[in-house]
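Let's take a walk through this structure together. Keep the view open beside you and find each part as we come to it.

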Amino acid sequence: MTETEIRNRLRDAFGEVEYPPALTRGVRSRLDRPQASGHPRLVALAAALLAVAIVATLVYIRTQAWLPSAPSTVQAPRGPLSSPGPPMISAQQVPTADLAAAGASIPVGLISDYNFASTKNGRTVRLIGAYADPARIVLICRTLPQAQPGLVEIYDDRGLIKAGGGGGQGSLGDSVFVLDQGPHAGSDGLANVTVSIQFLQEMPPAQGNLSQGPWNFAFALKVQPATTIALEPSPSTVGSWQVAVQTFELTPSVIHLKLLMTGASPDSVASAVNVLDDQGNTVVPLEGSTSALGAGLHLDYAWARPGAAATYRLQINGGGGHYAASFAVPAPAAPTPDSSEVPKLPGPYDLPTASESLTVQGAMAETINFGHPWQCKAISDTSGSSFLLDMYFRSKSGAWYLLGLITDLADKPYSGPGSYGVRAYISPLATNGPADHILSGSGTMTVTSAGAPFAGTANAMLGWDDDPKQQVSVSGGWTCG
Amino acid sequence: VIAASTGEEATGRDADAFVAMVEPVLPAAYRLAVGMLQSRDEAEDAVQEAMYKAWRSFGRFRGSEMKPWLLTIVANQCRQVRRSPWWSVIRSDEALRLAPDQRPEDGVLRTDLRRALSRLSGAQRLVLVLRYYLDLSFEDMAVVLKTNPKAAKSRTYRALERLRLSPEVLGDD
């Protein structure tokens, strides 16, 4: 290939741009402002992303999605894939903070718990949960130091799924990635999915570097079914626009609409399609994209499904015309009881608060002034007695964790006030109580008051289970009971 | 004399003079930022931020040519922006607007190349932007990259290899 050909191809990929004249004025006005704390647009974006903990960015490239008859030629990565992790002790391991990051519209009972590990260059990434329907795929990954999956490629039996995506951060080490397109399922409702995380963006982004992967996972993923929503009348024309509804469906998580519009410009359709709730309020879409490929514009929108039965309204305004039709959204199906589920354990709000003065440092940095002690007592079995303190605390980010401290029989049996060797662990809060621990270690605990209220001090060092070099220290005073 | 960053109080007139001085370079700076960030909005922000930094450090500028110095600052600013977790996202509004004479397949090819570009490191992407988007010679690239022309050429070759765009030969300018 000649350098001229290379130049032409790269320029085509970069895209041609014209210099915006207003930029000179923007530069001039920037000089009058004091030093910004960071990139203004990115800071705002990051704040929005981290606050809401979900990116519903309009992203990417739906070319292949709009060419249904052309199977992708991009094949899933080969080579070592994930390996099953240790058996889980709880049926629901996905932390509640991760569910929040995945968006409130994801039905909790429909997220599949996994524990797949993939290691590259000494760095282990775990896939701990996933959800799919025809409109989206949600992946929940875990690794420390804190990082976001960078370029994520997801393949099904037809090849690379080309769609946009976004994500957010959940519990310590956890991140959520949402792809705005579901996988193709077989007749059994399962899709054979391969996920390839090409690199990790270390956090925080201002100082973070990239860690090269890939981390690959291959697994079967249940694709939750969608039901078609009937529109009466169907919007065949809106003013001068020709409109073809390609998909209008209800998944357990979203209302999903795909339209083909001809006669409209990209700018004119930017806010032309809206869904209104029972009260006539515009529902903000979770995702939305417009792409020009071949004839017409392809619009793809997803709105969060309401948690209860409702009557919504689809509106299209433009081309000098107006279209509106109501449609019913039934209440989501109640989750099927699973006999293997563990009973729901007490959460922090089921428990009283207690004053604490604990400091957490290292991979997790928190000051714990209040805790919600769950278990705070001496326990005994045939091998001896121990003192157990299990206490929920809330991090600065809003995520809940359980700190567990239990005096170590290998040191000495518990026998009242005194100092003891202690085993320590930290678990994120999941739907039915604490999930498996993510940090574990040892230290010392002094019990100064052995009757309600119990009190004492603790000093422990905990390591990340997949990388003991990632450490967290816990020290200070505690009370409970 | 422009007072910014020299310890003296900068004035509005200083700022005007600085903008007049950098204005000829702004189109290249903007183009560099677009190439690095794949987003026009973020590119505008990056250029503004970079020019602010250049303004604050102008007192330390000792070179004879402003353009490579400014482009270096813009490139550094873009690297910072790219560290944001979402920089790899390819925005649909810019990725998919095909010209009337383009076939969908063209869009897919371009998309694949854009994806491949997004996987390059910031340093590798920078050399390609400088060479093929700004049309800089290896000598000029070397100034921006703070290296020598031979190393700039070598880096360009390696970045092309990563994209599987193997060049027959790279011109020596």
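**A guided walk through two chains**

Before we set off, keep in mind that what you're looking at is a predicted model.

Let's begin with the cysteines. How many disulfides does a search of the whole structure find? Over all chains, the search turns up one. The partners are A:Cys376 and A:Cys480, and their sulfur atoms are 1.8 Å apart. That counts as a disulfide because the cut-off is a pair of cysteine sulfur atoms within 2.5 Å. If you look along the S-S bond, you'll find an angle of 50° about it, and the link is right-handed. Now trace each partner back to its place in the chain: A:Cys376 sits in strand 22 (residues 366-381) of chain A, while A:Cys480 belongs to strand 29 (residues 467-480) of chain A, so the bond ties together parts that are 104 residues apart in sequence.

Are these two cysteines buried or exposed? A:Cys376 has 15% relative accessibility, so it counts as buried. A:Cys480 comes in at 2%, and it counts as buried too. While we're on cysteines, A:Cys141 is buried with a relative accessible area of 5%, and over in chain B, B:Cys78 is buried at 0%.

Stay in chain A and look for the loop between strand 21 (354-362) and strand 22, where you'll find A:Ala365. This residue is partly exposed, at 42% relative accessible area. Leaving out residues up to four places away in sequence, A:Ala365 touches A:Val360 and A:Lys396.

Next, hop to strand 23 (residues 384-394) of chain A and pick out A:Ser386. With 6% relative accessibility, A:Ser386 counts as buried. What is it in contact with, once neighbours within four places in sequence are set aside? The list for A:Ser386 is A:Lys377, A:Ala378, A:Ile379, A:Ile406, A:Thr407, A:Leu409 and A:Tyr414. As for A:Tyr420, it is 34 residues from A:Ser386 in sequence, and their C-alpha atoms are 9.5 Å apart in space.

One last stop in chain A is helix 2 (residues 22-31): seven of its 10 residues are buried, so the helix is largely enclosed by the rest of the structure. The buried ones include A:Leu23, A:Val27 and A:Leu31, along with A:Arg28 and A:Arg30.

Chain B exposes about 7,600 Å², with carbon and sulfur atoms supplying 47% of that. Among its contacts between residues at least 6 apart in sequence, 61% join residues at least 24 apart.

How do you describe a pair of helices that pack together? You give the angle between their axes and the distance between the axes. Where they meet, helix 7 of chain B brings residues including B:Val127, B:Leu128 and B:Tyr132, and helix 9 of chain B brings B:Ala159 and B:Leu160, among others. Taken together, the residues of this contact divide into five nonpolar, two polar and four charged.

Conventions
Residues numbered from 1 in each chain as written. Chains lettered and ligands numbered in written order. Predicted model: local features only at pLDDT ≥ 70, side-chain atom pairs only at ≥ 80, totals over all residues. Heavy atoms only, no water. Helix = DSSP H or I, 4+ residues; strand = E, 2+ residues; numbered from the N terminus. Buried < 20%, exposed > 50% of the residue type's maximum accessible area, 1.4 Å probe, protein only. Contact = heavy atoms within 4.5 Å. Areas by Shrake-Rupley, 256 points an atom, 1.4 Å probe, with all protein chains shown as cover. Nonpolar A, V, L, I, M, F, W, Y, C, P; charged D, E, K, R; others polar.
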